[in-house]
Amino acid sequence: MGKSKQLNLITEMSMVLIKMSIQNIEFQRYSQSVVVIASLYASTAFLKHSKKNEGPETIKFCTEARRIIFEIVNQEVEE
């Protein structure tokens with residue numbers, strides 16, 4: 001599976017999670033940035049544990065995506 005397909009899958013799942021959180025009053029206390037970054041991270045878990053998409057390429061892609069996510073979070077914390 002190519003990186004563009006993997007990226008499309010986490011994008012789709014992230015959008016579902018973001019839309020769900022917008023509709024849930026419990027998530028209103030979190031900033032939009034936190035909701036988006038948490039949704040991106042969660043979508044990597046869905047992809048990584050997917051039976052349909054499992055394999056070394058997927059694991060490598062998810063690891064790299066998570067590294068980038070943590071870099072973004074660290075930059076936000078430092079500012």
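Predicted model: local features only at pLDDT ≥ 70, side-chain atom pairs only at ≥ 80, totals over all residues.
Residues are numbered from 1 along each chain as its sequence is written, and side-chain values use heavy atoms, with hydrogens and water left out.

Glu64 forms a salt bridge with Arg67, with 2.3 Å between the closest N and O atoms; the term requires a side-chain nitrogen of Lys or Arg within 4 Å of a carboxyl oxygen of Asp or Glu. The two residues are separated by about one helical turn, because they stand three residues apart in helix H3. Arg67, at 39% relative accessibility, is likewise counted as partly exposed. The side chain of Arg67 also meets that of Glu71 in a salt bridge, at 2.2 Å from N to O, and these two residues of H3 lie four residues apart, again about one turn of the helix. Glu71 has a relative accessibility of 38% and therefore counts as partly exposed. Through shared partners, the salt bridges join Glu64, Arg67 and Glu71 into one network. An α-helix has 3.6 residues a turn, so residues three or four places apart point the same way. A search of the whole structure finds two salt bridges.

Stepping back to the fold, the chain has three helices and zero strands, and from the N terminus on its elements run α-α-α; helices (H or I, at least four residues) and strands (E, at least two) are DSSP runs, numbered from the N terminus. The C-alpha atoms fill a box of roughly 35 × 30 × 20 Å along the principal axes, and buried residues make up 25% of the 79 residues in the chain. Of the contacts (heavy atoms within 4.5 Å) with a separation of 6 or more, 59% are between residues 24 or more positions apart.

Helix H2 has 17 residues, which at 1.5 Å a residue should span 24 Å, and because its end C-alpha atoms are 24 Å apart, the two values agree; the expected span is 1.5 Å times one less than the number of residues. Val35, Ile37, Ser39, Ser43, Thr44 and Leu47 are buried in H2, and the buried residues of this helix pack against H1 and helix H3 (56-78). In the loop between H2 and H3 sits Glu54, which counts as exposed because its relative accessibility is 53%. Glu54 is 11 residues from Ala65 in sequence and 16 Å from Ala65 in space, C-alpha to C-alpha.

The largest pocket has a volume of about 170 Å³. A pocket is an open set of points, on a 1 Å grid over the protein atoms alone, where a 1.4 Å probe fits and protein lies on both sides within 12 Å along at least five of seven lines, and lining residues have an atom within 4 Å of a point; the volume is the space filled by probe spheres set on the points, which are joined across faces, edges and corners. Helix H1 (3-23) and helix H2 (32-48) each supply at least two lining residues, and the largest share, five residues, comes from H2. Among the lining residues are Leu17, Met20, Phe27, Tyr30 and Val35, and the lining divides into eight nonpolar, three polar and no charged residues.

Key. Nonpolar A, V, L, I, M, F, W, Y, C, P; charged D, E, K, R; others polar. Buried < 20%, exposed > 50% of the residue type's maximum accessible area, 1.4 Å probe, protein only.
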